[in-house]
Amino acid sequence: MAENALYISSVEHAKPTIFEVIAQESLMSTLQPSFTLLCKVLKIQSKDKLSWFFKFQEEWYLFINFLLQNHYLRLFKGSFSEAFYGLRRIPLKNKTSKLSTYSKIMSLFCLVGLPYITLKIKRKIESYQLQLAMDGASPEEKRKIRQILFTYKSMNIFYEISRLYYMIGYMSGHLENHSPLLEISGVKLVYHNIQVPSWKELITDYFKNKKRISTVILPITLKIFSQFIEISAFTVQFLNWWHSDEVKTKLNSLPVPPPLPVAASNNKMSCPICNNLIRVEVVLQCSGYVYCYRCIKEELEKTGKCPVTNLPAGPEHLIRIYTDK
């Protein structure tokens, strides 16, 4: 009996491999792109009927992600991706397996709040980079923007170096965490031994043991929700891989178009919105049309679609074009 208990304890608190922790981070990173892809499809199908929803798309994802991560933290003591790979969080220093209020709040912040703030900062930095290239910005504005960009790059480099340090320390066995965010939350990852009831056990409890429907409806609902999320995550990953491979094949099979005649290759292009000479050229990914940065940015923030093709798009789909003028 004692040997069995010792074996269970050692397995429960065993250290996950670096491949497992990287795999769960990779799964977590696919959630928001999957939600964005789903919103794009719905936006095309709804034909602007749900514009109120897509206007705050990132905030809706923040809310849904909070519900998802909070549910898995309460039920499995870990995030969705950690539970998917059989991992859970335990206190870093305390011997008990119960998470403190601080660890729960910081875990939710690092899983939900920090990615949202990082995305907003990244969007703002991209707009600053394009604004720096505009001719209308004053020398004082450009100086402030350069300072902001330098601060952002410095902080980003510092974070990536700290991540590398924790990764190397985790693989060498000197550190218990592979990420500084887990260290800040005061937790570490171990294998969990929570037994999720199977469908057979849930049905047996209801029919054989004659339990009341009210006692099994919550476990059945949680079971359906968990399996739906897990299957959806796997399906979206597979579809992303299949679609990207299919698109590459189709593009490679297309014939190369003939070059444009010399007379048609004119660099003086007019913006489809203001009809003036384009200033700070940017191309919209979904349509390929070139606009003034200021014109298309205001249009996308107002309507959320390409003004020429009406395809759904956002400021994040703009690509700066550098010409030899």
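The model is a predicted one. Its protein chain has twelve helices and five strands. Of the 325 residues in the protein chain, 30% are buried.

**The chain as a whole**

- The protein chain exposes about 22000 Å², and 63% of that area comes from carbon and sulfur atoms.
- Among the contacts in the protein chain with a separation of 6 or more, 59% are between residues 24 or more positions apart.

**Aromatic pairs**

- A pair of aromatic rings is described by two values, the distance of the centres and the angle of the planes.
- Rings of Phe, Tyr and Trp count as a pair if their centres lie within 6.5 Å, and by this rule there are seven aromatic pairs.
- One of the pairs is Trp60 with Phe63, at 6.5 Å centre to centre and with 80° between the planes.
- An angle over 60 degrees counts as edge-to-face, and the pair of Trp60 and Phe63 is of this kind.
- Trp60 and Phe63 both belong to helix α5, which spans residues 57-76. They are three residues apart there, so about one helical turn separates them.
- Trp60 has 31% relative accessibility and therefore counts as partly exposed.
- Phe63 is also partly exposed, with a relative accessibility of 43%.
- Tyr72 and Phe80 form another pair, with ring centres 5.4 Å apart. Their planes stand at 80°, so this pair is edge-to-face.
- Both Tyr72 and Phe80 are buried.
- Tyr72 and Phe80 also belong to a cluster linked by ring pairs, together with Phe76, Phe84 and Tyr85.

**A charge over a ring**

- The ring of Tyr170 has the charged end of Lys15 sitting over it. The distance from that charged end to the ring centre is 4.2 Å.

- His178 lies in the loop between helices α8 (139-172) and α9 (180-185).
- Is His178 buried or exposed? Its relative accessible area is 2%, so His178 is buried; the cut-off for buried is under 20%.
- The side chain of His178 makes a polar contact of 2.9 Å with the side chain of Glu25.
- Leaving aside residues up to four places away in sequence, His178 touches Ile18, Val21, Gln24, Glu25, Arg163, Tyr166, Met167, Tyr170 and Leu189.

Technical notes
Residues are numbered from 1 along each chain as its sequence is written. This is a predicted model: local features need pLDDT of at least 70, side-chain atom pairs count only at pLDDT 80 or more; totals for chains, interfaces and linings use all residues. Side-chain values use heavy atoms; hydrogens and water are left out. Rings of Phe, Tyr and Trp (its six-membered ring) pair if their centres lie within 6.5 Å; planes under 30 degrees apart count as stacked, over 60 as edge-to-face and the rest as tilted. Helices (H or I, at least four residues) and strands (E, at least two) are DSSP runs, numbered from the N terminus. Buried means under 20% relative accessible area, exposed over 50%, partly exposed in between (1.4 Å probe, protein chains only). A charge sits over a ring if NZ of Lys or CZ of Arg is within 6 Å of the ring centre and within 35 degrees of the ring normal. A polar contact is a pair of N or O atoms within 3.5 Å; within protein, one must be able to donate a hydrogen and the other to accept it, and residues adjacent in sequence count only if both atoms are side-chain atoms. Contact means heavy atoms within 4.5 Å. Accessible areas come from the Shrake-Rupley method with a 1.4 Å probe; for residues, only the protein chains shown count as cover.
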